[in-house]
Amino acid sequence: MADQAKPFRSTISNAADSFVRNTEDHLELIEKMNAILERSRTLSDAARPRFERRGQLLPRERLARLLDPGSPFLEIGNMAGYLLDDSNAETSVPGATQIAGIGYVSGTRCMIQVDDSGINAGSMTRTSTRKGCRIMDIALQQKLPFVHLVESAGANLLEYEVEMWMAGGGIFARLARLSAAGLPVITVLHGASAAGGAYMPGLSDYVVGVKDNGKAYLAGPALLKAATGEVADDAELGGAAMHSQVTGLVDYLADDDAHGLQLCREVLGRINWNRRCEQPPGRDFDEPLYPPEELLGVVPVDYRQPYDAREVIARLVDGSSFLEFKPAYGLTLLCMQASIHGLPVGIIGNNGPIDPDGATKAAQFIQLCDQSDTPLLFVQNITGYMVGTQYEHAGMIKHGAKMIQAVTNARVPRLTLMIGASFGAGNYGMCGQGYDPDFVFSWPNIQIGVMGGEQAAKTMSEVFRAGAARKGREVDESMLSAQEEKVIAHYDRQSDAFYTSGRMLDDGLIDPRDSRKVIAMALQTCWEGRHRQVSPNAFGVARM
């Protein structure tokens, strides 16, 4: 249906002061994002002399050797752990000592996890387990083989938290579920995998072990001596060569990192995974009429400044062409039929708070997309649902609930792109993280939370004034003003995109100019996941 619609005619002027100012504001945030992300690479690369002495490749070099040359890689959780594992904004390192994402290995779309052993020997942080569980959940949902390049010192015993230990069991449970679901789990043992980490290769379907450096044991030499008094060296206790000859834990013994990655690629090639899935429709498609760079000028960094979300959609969809559903009804909520890289998609966007008519329109549109098996893309810039006597009388609660019912129970893939505000129940109705979208990505300008800091401060002041009036007391306005400042600072700090992404309230921050590519990769992944045939079994593949 989108092909029948005329291309959208943009009214944006690239020379306008607002366009230039918006672009500059976004570029400043993008520069900040890239500088923070670069900390992980810089810190990891600083370990190069140590890796070279051991004849090893750095973690990012391993990833580059594993991936098909020139193929895309969709990183997941790039900001995970930022301001959480270390609360200092000047020193906090994102990534949770892991590099993870969806990429192609021997032509096969896979979920890949690389232990970043250049950072604290790959020791797990409090966020590492959450990130690991998230990527495995995506792999299970989208029917992706799971490839893990292992080298980790395990949990940092000096920062032991009982919750981390308990949550770690979820990693192993997910490995078992992946195998039972018929999804291959392939591990390359580049370095140490100790204690609970030994179950990473133990619960894998295929294990490539790197001679001399690859090791797996339930108790390393230090713990073994402390626990039993036994003295054993690494190679004797759990070296890859021993496991290839004695225990059978290692299926393929590699000479070095590069050889191990070559073997991993060959294993995936031999599985011939792609024969189990037809390829997405190879439709021809047109690029948008307007370049992605213009997104920076179209969207103000300040969510309180209005703009037409159609201008955003026109820079995301094929040929800048979409068919708008009920364009004269529920005006602040947009519903559109379009395609991205030839794949059909239903898009819901915001031009203001959601009113009863908008919620009703969205509920119907979501059900129609579900009926036609069309994926949904929610482009979020939402301050919430309309409030006030007029809207309460119009049934805002029941109509908003109707929309949330549809969002929650839609059976088609649901993708969420947060590009501005994401407050209160608006986040819920627009398929926020709590509604389990297949993927959710954010621009670095977003603000997210129960409400804005100013709203929260004013609400608290009104409550305080009402309470004082009931008790016949006077209000100390200077005290109230100071309290408002504290509330605003408290809320705004937690609503910042870098803060929330560090807590994994999304699958990562992206450059707005990459939005179309990211959405296309996610749509293709979802399409394959729903069209792939697998051979599940009851218990997964047990190592013999």
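Salt bridges and charge in a predicted model

Arg-54, Arg-62, Glu-151 and Asp-257 form a linked network of salt bridges. The model is a predicted one.

User: How many salt bridges does the count come to?
Analyst: A pair counts when a side-chain nitrogen of Lys or Arg is within 4 Å of a carboxyl oxygen of Asp or Glu. By this rule, the count comes to 23 salt bridges.

User: How many residues apart are Arg-54 and Glu-151?
Analyst: The side chains of Arg-54 and Glu-151 meet in a salt bridge, 3.7 Å from N to O. Arg-54 sits in the loop between helix H2 (48-53) and helix H3 (59-66), while Glu-151 is in strand E4 (residues 146-152). The pair links distant parts of the chain, and the separation is 97 residues.

User: Is Glu-151 buried or exposed?
Analyst: Buried means under 20% relative accessible area. Its salt-bridge partner Arg-54 has 33% relative accessibility and counts as partly exposed. Glu-151 has 9% relative accessibility, so Glu-151 counts as buried.

User: Which parts of the structure does the pair of Arg-134 and Asp-507 tie together, and how many residues apart are they in sequence?
Analyst: A salt bridge of 2.8 Å, N to O, joins the side chains of Arg-134 and Asp-507. Arg-134 belongs to helix H4 (residues 128-142), and Asp-507 to the loop between helix H19 (497-502) and helix H20 (515-531). The pair therefore ties together parts whose separation in sequence is 373 residues.

User: Why does Asp-507 count as buried?
Analyst: The cut-off for buried is under 20% relative accessible area. Asp-507 counts as buried because its relative accessibility is 2%.

User: Where does Glu-287 lie, and how many residues apart in sequence are the parts it ties together with Arg-516?
Analyst: The side chains of Arg-516 and Glu-287 meet in a salt bridge at 3.3 Å, N to O. Arg-516 lies in helix H20, and Glu-287 lies in the loop between helix H10 (257-271) and helix H11 (295-298). The pair thus ties together parts of the sequence 229 residues apart.

User: Which relative accessible area does Glu-287 have?
Analyst: Arg-516 is buried, with a relative accessible area of 7%. Glu-287 is partly exposed, and its relative accessible area is 49%.

User: Which residues gather in a patch of negative charge on the surface?
Analyst: One of the residues in the patch is Glu-31, whose place is in helix H1 (residues 17-45). Glu-31 is exposed, with a relative accessible area of 57%. The residues of the patch are Glu-24, Asp-25, Glu-28 and Glu-31.

How values were computed. Residues numbered from 1 in each chain as written. Predicted model: local features only at pLDDT ≥ 70, side-chain atom pairs only at ≥ 80, totals over all residues. Heavy atoms only, no water. Helix = DSSP H or I, 4+ residues; strand = E, 2+ residues; numbered from the N terminus. Buried < 20%, exposed > 50% of the residue type's maximum accessible area, 1.4 Å probe, protein only. Patch = residues over 30% accessible without salt bridge, like charges linked within 9 Å, V, L, I, M, F, W, Y side chains within 5 Å. Areas by Shrake-Rupley, 256 points an atom, 1.4 Å probe, with all protein chains shown as cover. Lys, Arg positive; Asp, Glu negative; His and termini not counted. Charge placed at Lys NZ, Arg CZ, Asp CG, Glu CD.
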